[in-house]
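The structure under discussion is shown first.

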Amino acid sequence: MELSEKTTIGEIVAEDYRTAALFSNLGIDFCCKGHRTLNEVTSKKNLDLENIRQELQNIMNKKEDTSVDFKSWEIDLLADYIEKTHHRYVEEKSQVLLLLLNKLCKVHGANHPELFEINQLFIASAQDLAAHMKKEELILFPFIRKMVKAKRANADLEQPNFGTVDNPIEMMMHEHDQEGERFRKIAALSNNYQTPSDGCATYQTAFSMLSDFEKNLHQHIHLENNILFPGAQIMEKTYN
């Protein structure tokens, strides 16, 4: 992949997910704000464009690449993967984290009042993500599967009641932005998930799980915003 100043962050990570680690270390949001160009993000953060471009190229040129090429997948398979991997992860880990954070508030809340805000933010996130994923599972993903099935059978595609796939995608991306902002606040409040000196084992476990949850959410959103959604939009256009 030839990297220019106009290449978007989302395109780079979609091409090679290993580059996500560099963007994360630089504090660059590659999932919710993946539409920004390399030039935009380096200028905003006063980073050297050529140095960053070279670092990215070095990562992408490494031969021992064992990362999965999600861009090569059919979009119905990718929807299945997201649902069975990331949706299930959110459902399972949310319940555990809700219990752990509630316990932290009771035990450590007096000395660490920021825990109450972290807890409220995560409660809101768990509720909104549950509704968000249900909309994908009941509305958007079934339509994506119908498109692929119709394409393979060379059959007509029934018009969905939401008009065009752009409509639910716009809503999903807006909700992704909200979750990205929410976790930026959680990371700031938790000092990037650093357990304080008086923190117990539960404290460490909860913050470690929160960090993992955010990383999983970043990949989840990346796969949708930068690969699945554009693929669905391109496929729908072939029927117009």
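## Accessibility and the basis of the model

A residue counts as buried under 20% relative accessible area, as exposed over 50%, and as partly exposed in between. Tyr81, with a relative accessibility of 24%, therefore counts as partly exposed. The model is a predicted one, and the values below are computed from it.

## Packing of helix 6 against helix 7

Helix 6 spans residues 114-153 and helix 7 spans residues 166-189. The two pack at an angle of about 160°, and their axes are 10 Å apart. Because angles over 145 degrees count as roughly antiparallel, helix 6 and helix 7 are assigned to that class. Their crossing is left-handed. In the contact of helix 6 with helix 7, the residues divide into 13 nonpolar, 3 polar and 9 charged.

## Packing of helix 6 against helix 8

Helix 8 covers residues 201-237. The axes of helix 6 and helix 8 come within 12 Å and cross at roughly 30°. Angles under 35 degrees count as roughly parallel, and helix 6 and helix 8 are therefore roughly parallel to each other. The crossing of this pair, helix 6 and helix 8, is left-handed. By class, the contact of helix 6 with helix 8 comprises 20 nonpolar, 2 polar and 4 charged residues.

## Aromatic pairs

A pair of aromatic rings is described by the distance of the centres and the angle of the planes. Over the whole structure, a search finds 9 aromatic pairs. One of them joins Trp73 and Tyr81, whose ring centres are 5.3 Å apart and whose planes stand at 90°. Planes over 60 degrees apart count as edge-to-face, so the pair of Trp73 and Tyr81 falls into that class. Trp73 has a relative accessible area of 25% and is thus partly exposed, and Tyr81, at 24%, is partly exposed as well.

Phe122 and Phe213 also form an edge-to-face pair, with 5.2 Å centre to centre and 75° between the planes. This pair links distant parts of the chain: Phe122 belongs to helix 6 and Phe213 to helix 8, 91 residues apart. Phe122 has 0% relative accessibility and therefore counts as buried; Phe213, at 1%, is likewise buried.

## Cysteines

How many disulfides does the structure hold? The number is 0. For a disulfide, two cysteine sulfur atoms must lie within 2.5 Å. The closest cysteine sulfur to that of Cys105 is in Cys200, 12 Å away, and this is too far for a bond. For the sulfur of Cys200, in turn, the closest cysteine sulfur is that of Cys105.

Are Cys105 and Cys200 buried or partly exposed? Cys105 has 7% relative accessibility and so counts as buried, whereas Cys200, with a relative accessible area of 31%, is partly exposed.

Helix 4, residues 49-61, contains Ile59. The relative accessible area of Ile59 is 17%, so this residue is buried. Ile59 and Arg18 are 41 residues apart in sequence, and their C-alpha atoms are 7.0 Å apart in space.

Technical notes: Residues are numbered from 1 along each chain as its sequence is written. This is a predicted model: local features need pLDDT of at least 70, side-chain atom pairs count only at pLDDT 80 or more; totals for chains, interfaces and linings use all residues. Side-chain values use heavy atoms; hydrogens and water are left out. Axes are lines fitted to C-alpha atoms, for helices over the stretch in contact, and angles run from 0 to 180 degrees between N-to-C directions. Helices (H or I, at least four residues) and strands (E, at least two) are DSSP runs, numbered from the N terminus. Angles under 35 degrees count as roughly parallel, over 145 as roughly antiparallel, 65 to 115 as roughly perpendicular and the rest as oblique. A crossing is left-handed if the near helix is turned anticlockwise from the far one by less than a right angle, and right-handed if clockwise. Ala, Val, Leu, Ile, Met, Phe, Trp, Tyr, Cys and Pro count as nonpolar, Asp, Glu, Lys and Arg as charged, and the others, Gly among them, as polar. Rings of Phe, Tyr and Trp (its six-membered ring) pair if their centres lie within 6.5 Å; planes under 30 degrees apart count as stacked, over 60 as edge-to-face and the rest as tilted. Buried means under 20% relative accessible area, exposed over 50%, partly exposed in between (1.4 Å probe, protein chains only).
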